[in-house]
Structures are given as C-alpha cells and as structure tokens.
Amino acid sequence: MPCQALRRIGPKLVRRRVLEEDVNEMGPARRRTTLDLVALGVGCTVGVGVFVLAGEVARDVAGPSTVVCLLGASLSSVLAGLCYAEFGVQVPYAGSSYLYTYVTMGEIWAFITGWNLIVFFVAHTATVARAWTLAFDNLLGNQISQTLHESISPSVPQHLGEILGFIVVGLMLLLMELLILRNRWIFLVSKVVTLVKLLALSFVIISGFIKGDLHNWKLTEEDYVKAGLNDTSHLGPLGSGGFVPFGFKGILRGVATCFYAFIGFSIIITRVEEAQNPERSIPMGIVVSLLICFLLYFGVTAALTLMVPYYQLRPGSTLPEIFFHVGWVTAYYLVAFVFLCSLSLSIFGFMFPIRNLIYMMAQDGLLFPVLARIQSSTYMPNVSTVILGVIVGIMAFFLGLTDLLDLMSVGALLAYSLMALCVLILRYQPERRNGVKKAQEQEENAGPAAEKLTLQGLFFPGSTAPTSLSGWVVIVCSSLLVLLLTLLCLVLAHWPGLLSGATGPITVVVLLLVLITGITGVIWRQPQISTPLHFKVPAVPFLPLLSIFVNVYLMMQMSAGTWARFGAWMLTGFAIYFGYGIQHSLVP
C-alpha cells in the first residue's frame, strides 16, 4: 500500500484494524475452502439473471443473440473480477474494496465506493425479494394475489393487493433473517442448493437439445405472419428476424442489461477473512465461479431460445415456463421449486456483506455509530439489519424490476471502475514493507534530493523501482485517462452522426484515441512494484483501462430515469458524508 495513503489514514485506523483482527479471532474462523467460495459465488450469481433476465432480454432486446450478449457481459465481468482478485490478495479483509479505495485514493473516494456498494447490495436484495414473491405466487397458481384481491374491498386499488402480498412474504423473509443468528451453516446450505441448482439447469440445457429447434434462430417474416403476430412488411417491435433481430444496437443494450447477471461474484470478496488461504482461494474462486456461471447462462439461454421462439415469451415470464410450451408440466414445478430455493439463498447471501460494509463504514466514523452496534453473542448488527429491511421494502414497493436492475448495475459498474483505477494506481506506487513504521523510515531516509520531471523522464524513467515522482505521474495520467475515456464513451454512445460516417464525430474519436494512447504509453513506461503476490492482474495498465472503458460505456446505455434515481441516492450519501462523516472520521 502506498506510504502516503497509510499516513493519511493515521495510526487510529491501523490500531482499529488490529483490534478488529483480534475480534475476528473470536468470531468466524478461517475454515472456508475454495469450493465453499465457488459455491457461494455461483449460488449468489446464478439467480434472477438465469430465471428471469434471460427471457426479458431475449424477448425485447436481443432475441436469440442474447447468447452473444452474455459473452460480452461475461468478458467485462472477468476484467472486473481480475481487479477484485488482486486487491483481495493485497488487502485480505472483509469489505476490502472499500478499504482498498481508502488506502489508495483517500476517504471521500472510499465513501463513494462504499455508498455505491450499499445501493448495489440493497437493490439486489430488493430485486431478488420481488422475483421471489412473484415466483412463489406463480408456483401456487397465483392464489395469494387472487385471494387478496377477493378479500379486500373492490374500491381498493388492485395494486394494493399486490403490495399487501409482498408485505406478507417480506415479513416472513425478515423473520427468517432475524432467526438466523449465526451463519455457521450458510456455506453448507449454499453448497447443497448450488448443487441442486446446477442439476436443474443441466436438465434445462439437455431439454433444449432434445426439444429445441434450430429454426427458432432463423425466424423470418413468414413465421411471424403464420403466428398471427404481423401481417405487414414491417416487423416493428418484433425485430427484423434471424439470429440478430434487433441489430447491433440490440446486442449493445443486451450486454449492458446482462452485466447484472454476473456481478454476484463480488460476494466472494466479503468472505475473505473466513477463507483458509485467501491469497489463492479468492482469485481461484472468482475466476472459476465466473466460468461456471457463463457456461450455465450460455447453455440455458440457448435452450430457452431454441425451445420457444423469442416473440412468444411473455413479459415477466420465468425460465420454468418454457416447459409449458413443450407440455412438461412436472418439470415446470420441479424447476420452479429450485428457483425459489436459489433466490432464498441469494437473499441471505447478500444480507451479510451489506451489514459488514455498513459496520466498517460506521466504525470509520463515516456513518452513524448506531449502525455499528452488534450483539456480542451473535456478532450481528441487528439495528442495521432492521434498517436495511425497511429500505429494501421501500425500494421493492416503488421501483419496478427493470428499475432495480438498472440502479444496481450503475452502482456496481461505478464501484468496479474505481477498483480498476485503484489497481492501476497502486501497481506503480513505491513499495511498503513492515507496515507504517517502515514506510515512515523510508521517507525520513530519503534525503533532501528532489526528482525533476522532464519529458525524457516520462518515457525513460531513471529508476527501475517506483518513486514518489513516478507514482505521482501515474496518478495524474490515470485521472486524465478516466476523463478521456468518459468523453470517448459519450461520443460513441450518444453522437448519432458517428455511424453515418460524419467527419466531426470521427475526428473527435481519432483525437481522443491518440491522446489516450499517448498517456497510456507514459503509464506503461513507469516502473512497477516488484512485490511478489499470489495473483496479479496481467497486462497492466491495459487491462484495468479496458475494464474502466467497458464499465463506463455500459453505464452510458442506462436511461435518464436511472441516472436520476442514482443521483438522488448519491446526493443523500454526500449529505451524510459532509454533514456527519467528515466531522467524525478517523482521519485527523
């Protein structure tokens, strides 16, 4: 970690981390294997995405080319996963993304990262709870909603009955959460449910090969006319037919939407303090879980679009409903039951990291101290659990499923971009040995000689090891690259004349690419740290910059409403930080 960043935090935070390590020794032991982490990652990643999202994207966004969207989304997730793996190795603490940003970029950026992760976890929990409620109601033949509609007065709006149904199920889930006072069995349950889910999804994939029809990937206008969906030469909302009915723009929108399907891998980082060998198990768990999830998503989406023409998928339909199209009713109920178990695990799996993150931020003084109160017998912050349950309920009531997915994606993409930037900056900073004391000694023994910044020194540094000057150069160049990449994404996503070959946008793109290439070359020429790690992101600075570019470009695909809701969330966070956190933080 950089010496300057460690000095900024001060000895108070260092002493608190040591104290937390002593508390952790009395809490959860380091007994989680790589298999445990892979099972948890797959269990929390393969959920709403495979059971609901795939059908939504196939119907209205990309058609059969959803399999290509999943490939693009998985590649962007791998880039983020590599960055997560490196900082998980360097900072083996729970909530290390927040801590990593703290020691690398400072307090305010750490608060932004933590606040974005909170909205990500909360929105994810609300999304899963909403999908769980719908799936549970569908499995019972919609009896809950029908009973509520029949029981209440006809003058009461119909959507109130749906809200009451959600309240009933939500209270049941909250009660289950409060009853789980210890999480010693969560990994065992995770492995069992994940195994059953893999078997169920394997059954879906095999069914696709048996009952699928390749013609569903080559649909023409005649097929729409025969189905009675279109009797004109313009297909309109059904697309243009073929494997890519909605064109290249549909694939780009699909990649942005499908990115949500892979972001559950970050749950592995929150369990780093419970891993037996975090330096090896964390990177392995992330990579293996992402690979398994991609294979599952690809196979299930292929089976879905081969068994059912994409235009016959109902809005809001779940994966098990494809068996109604082939007459396998028993298979529908079996897969639907696995769906419910999987979503239940996902809810509880993501409630733990939310509490841990809020506890850390409250301990650092950035959030109110009441959120850091824990029950000594269970090591659980009950106050934050209740508050989070209320926030999840409010978001689930007033936001639709798509709104929750987009809000969660924006928060995750911004946090992942900051993580990639941290990896890039930290790789080029002077090494730290033997903690803060050694770092301070290095600075005291540095002497009065000062380095000079020259044009030749930018491309041909005089030292083979990072120095204060080279680290400062990387920080400035990285900040400029983030700005240029953001401008490039804006031009590529929202300048309509680019695809038509207009001179103006093409000139701007070429100019931006030249500047980005030159500044990247400056960073590439700077010396990197030589500290041996069990895992390092390869091809630095190119892969972290590519990850930032992909994440920012995907954020540009979000709607104005999503940005408005995200802006309101960030304004609330800044009000808390500047009104309370900045006055009570541990930074002197």
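Modeller: A helix here is a DSSP run of H or I with at least four residues, a strand a run of E with at least two, numbered from the N terminus. By that rule Thr562 sits in helix α23, residues 560–584. The model is predicted, so local features need pLDDT of at least 70, side-chain atom pairs need 80 or more, and totals for chains, interfaces and linings use all residues. Residues are numbered from 1 along each chain as its sequence is written, and side-chain values use heavy atoms, leaving out hydrogens and water.

Colleague: How many helices and strands does the chain have?

Modeller: There are 23 helices and zero strands.

Colleague: Why does Thr562 count as buried?

Modeller: Buried means under 20% relative accessible area, exposed over 50%, partly exposed in between (1.4 Å probe, protein chains only). Thr562 has 1% relative accessibility, so it counts as buried. Across the 588 residues of the chain, 54% count as buried.

Colleague: What makes the link between Thr562 and Ser559 a polar contact?

Modeller: The pair must be N or O atoms within 3.5 Å, one able to donate a hydrogen and the other to accept it. The side chains of Thr562 and Ser559 meet at 3.1 Å, so this is a polar contact.

Colleague: Which residues does Thr562 contact beyond its neighbours within four places in sequence?

Modeller: Contact means heavy atoms within 4.5 Å. On that basis Thr562 touches Asp406, Leu407 and Val410. In the chain as a whole, 83% of the contacts with a separation of 6 or more join residues 24 or more positions apart.

Colleague: How do you know where Asn216 belongs, and is Asn216 buried or exposed?

Modeller: Asn216 is in the loop between α10 and α11, the latter spanning 221–226. Its relative accessible area is 8%, so Asn216 is buried. The side chain of Asn216 reaches the backbone oxygen of Leu306 at 2.6 Å. Contacts of Asn216 beyond four places in sequence are Pro64, Thr305, Leu306, Met307, Val308 and Pro309. Asn216 and Pro309 are 93 residues apart in sequence, yet their C-alpha atoms are 5.4 Å apart.

Colleague: How many aromatic pairs are there?

Modeller: Rings of Phe, Tyr and Trp (its six-membered ring) pair if their centres lie within 6.5 Å. The count comes to 20 aromatic pairs.

Colleague: Why is the pair of Phe203 and Phe323 called stacked?

Modeller: Planes under 30 degrees apart are stacked, over 60 edge-to-face, the rest tilted. The ring centres of Phe203 and Phe323 are 5.6 Å apart and the planes lie at 20°, so the pair is stacked. Phe203 lies in helix α10 (residues 186–211) and Phe323 in helix α14 (residues 322–326), so the pair ties together parts 120 residues apart in sequence. Phe203, at 36% relative accessibility, is partly exposed. Phe323, at 0%, is buried.

Colleague: Which residues form one aromatic cluster?

Modeller: Phe111, Trp115, Trp569, Phe574, Tyr577 and Phe578 do.

Colleague: How do you know that the charged end of Arg525 sits over the ring of Trp524?

Modeller: The rule asks for NZ of Lys or CZ of Arg within 6 Å of the ring centre and within 35 degrees of the ring normal. The charged end of Arg525 is 5.9 Å from the centre of the Trp524 ring and counts as sitting over it.

Colleague: Where is omega near 15°?

Modeller: That value belongs to the peptide bond from Val540 to Pro541, which is cis.

Colleague: How many residues does the largest nonpolar core have?

Modeller: A nonpolar core joins buried Ala, Val, Leu, Ile, Met, Phe, Trp, Tyr and Cys residues through side-chain atoms within 4.5 Å. The largest has 156 residues, and Tyr84, Ile118, Phe262, Ile286 and Leu367 have the most contacts inside it. Helix α17 (residues 401–427) gives the most to this core, with 18 residues. Another core lies apart, of five residues, including Leu219, Phe246, Tyr310 and Tyr311.
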